[in-house]
Structure formats: C-alpha cells, structure tokens
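Please open the model in the viewer and keep the selection tool at hand.

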Amino acid sequence: MTVSVLILTLNEEINLQECLRTVSWCDDVVVLDSMSTDRTCEIALTSGARIVRRPFDNWSSHQNWAVSNIDFQHPWVLYLDADERCTEKLRDEILAAATSSSGQSAYRIRRKDFFMGRWLRHAQLYPTWLVRLFRPERIRYERLVNPVAVVDGEIGSLQGHIHHFPFSHGVSHWVARHNKYSDMEAIEALRSDDSASTPLRQAFSTEPNIRRRALKDIFTRLPARPLLKFLYYYFVRRGFLDGRAGFTYSTLQAFYEYLISCKRTELQRRQQGLPV
C-alpha cells in the first residue's frame, strides 16, 4: 500500500459509512473530525479508521494543518469529503499512479455532482478538476473557502471520477452551509477588490487551478452576479437538460451568489462607517 486516505467530517453519520466503504481497500484511513456531536466518530472507529479531532476555523487553515501535522503512514494521500465516493476505476488509477515513477507531486481528479437522483452533467461546472491525490509535503492551500491547492512540482491527471452527493443532508443543510460559506466568500471578494487585478491571460491558462482562480476573481468584479450566475448555469451550461434538478440547482447557486453580494456590501459599509 502506498496511499493513505484523509476524510474531513462534521456530523456526517449519514454519509461516512458509505464513504468509508469505497476506500476499504486502504489500510490507513484518517478521519479529521471537526468536533462532531453525532455518531460520526463511532462509525469511523468501527470501520477501523484513525480519528484526529480539530475545531474547524476555515478551509485552507484546516487542510494546511492536516497535511502538516497528521502522520500519514504512506507517501501519497487521497483527500475526500464524507459526502464523496471513490469509484472502483478511480481506485485502480490511484494505486497505479502512486507506484509509478513519473515524478508528479499531485494528481487532479474530476468530480460528478448528483442531485435528485441524477448526475448534474450540465448545471454543474463539469468537468471540474480538483487536486485530490498528493504528496502532503508538497501541497498547501489558499482561500478561506473553496480553497485552491498550490503544489510544489508537476501535477498529473487521472481519468476516473469522484462521486459527490452535496444534498445528502437535504436542501436545508445545503442552504445553511452555504450561508456560512458566503461569509468567507464575501471576505475573499473584498480582498480581491484590494488587490491588483488578475491578468486576463490567466483566465485562459491550461492549469485548472490558475484558470479557476482567475475566473473567480474576474467574476467578483462584474455587476448583477446572481442573475449572471443563473443565466450561465441554466442557459450557457445548458442546465435545462438536467430537468428539474438543473433548474433547482441553478436557482440555488444564484441565491448563494446573492448572499455573497449582500454580505460583501455589508462589509464595505461597515468599513466606511455607514449604517448596515
């Protein structure tokens, strides 16, 4: 075995057992738990996983702490959230990549998001490439939420998929979670306002992390972002082909963007000493 698995959890008893089942091939599974109050830790222990507990502060800080402080037994780490699943094809690719001599420091993996029993092939930003297999000493994360992986060395790509079920707790949980995420996104948006503009050429970079960061920076400077986001997801990305799930998801994403916009304005007014 050359791969350890890192799973982040917070009250994930509804998801964790199935997630652990899909990585049962691994002999070093570490659950980084953010002080769950349900059966999450019990399920992890029953499945033979190691548990490390740490209060959650923000995404980049949490993940940077994990790669710097957890003593993984193997040189490669596969990172998953509890509502994600490692497919069999991806497992085989991961094990092959981790034993190759190609010299990569990390690998990108695509993710499929599921909602209302179907894959959001259009409404979601597929293919979204995420750095999820890496050597822990060669990676660090930036941004408070939706962190960007910064890798020291070459990054390869795997063709298998992670399956993601972001609505497994229900729409109410998704809304509550994204309400918190919007706090951090508003802060990041203000930081973007205060920094130099991202060069436009980075939006066309062949490196997904650079391109994604550049597009997000450009998008935060546009007017009417909630409307633009709905139009992009539903019409440009053809989310209507995903049926009711596509319409609902596009609407929720526009609502999320509206929360960010409102909170960004609130922060700006507070900085200027104006009433909120």
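Begin by selecting asparagine 146, which is partly exposed at a relative accessible area of 30% (buried means under 20%, exposed over 50%, partly exposed in between, with a 1.4 Å probe and protein chains only). Asparagine 146 sits in the loop between strand 9 (139–142) and strand 10 (148–151); helices (H or I, at least four residues) and strands (E, at least two) are DSSP runs, numbered from the N terminus. Although not a glycine, asparagine 146 has a positive phi of about 50°.

This is a predicted model, in which local features need pLDDT of at least 70 and side-chain atom pairs count only at pLDDT 80 or more, while totals for chains, interfaces and linings use all residues. Residues are numbered from 1 along each chain as its sequence is written, and side-chain values use heavy atoms, with hydrogens and water left out.

Next, select methionine 35, in the loop between strand 2 (29–33) and helix 2 (40–46). Its phi is near 65°, a positive value in a residue other than glycine, and methionine 35 is partly exposed at 37% relative accessibility.

Move to the peptide bond from tyrosine 126 to proline 127, which is cis, with omega near 0°. Proline 127 belongs to the loop between strand 7 (118–119) and strand 8 (129–134).

Now display the aromatic rings. The structure holds 16 aromatic pairs (rings of Phe, Tyr and Trp, the last by its six-membered ring, with centres within 6.5 Å; planes under 30 degrees apart count as stacked, over 60 as edge-to-face and the rest as tilted). Phenylalanine 115 and phenylalanine 167 are stacked, at 4.0 Å centre to centre and 25° between the planes. Phenylalanine 115 lies in strand 6 (residues 106–115) and phenylalanine 167 in the loop between strand 11 (155–164) and helix 5 (171–194), so the pair ties together parts 52 residues apart in sequence. Phenylalanine 115 is buried at 6% relative accessibility, and phenylalanine 167 is buried at 11%.

Then select phenylalanine 230 and phenylalanine 247, an edge-to-face pair at 5.9 Å centre to centre with 85° between the planes. Phenylalanine 230 is in helix 7 and phenylalanine 247 in helix 8, 17 residues apart. Which of the two classes, buried or partly exposed, applies to phenylalanine 247? Phenylalanine 247 is partly exposed, at 43%, whereas phenylalanine 230 is buried, at 17%.
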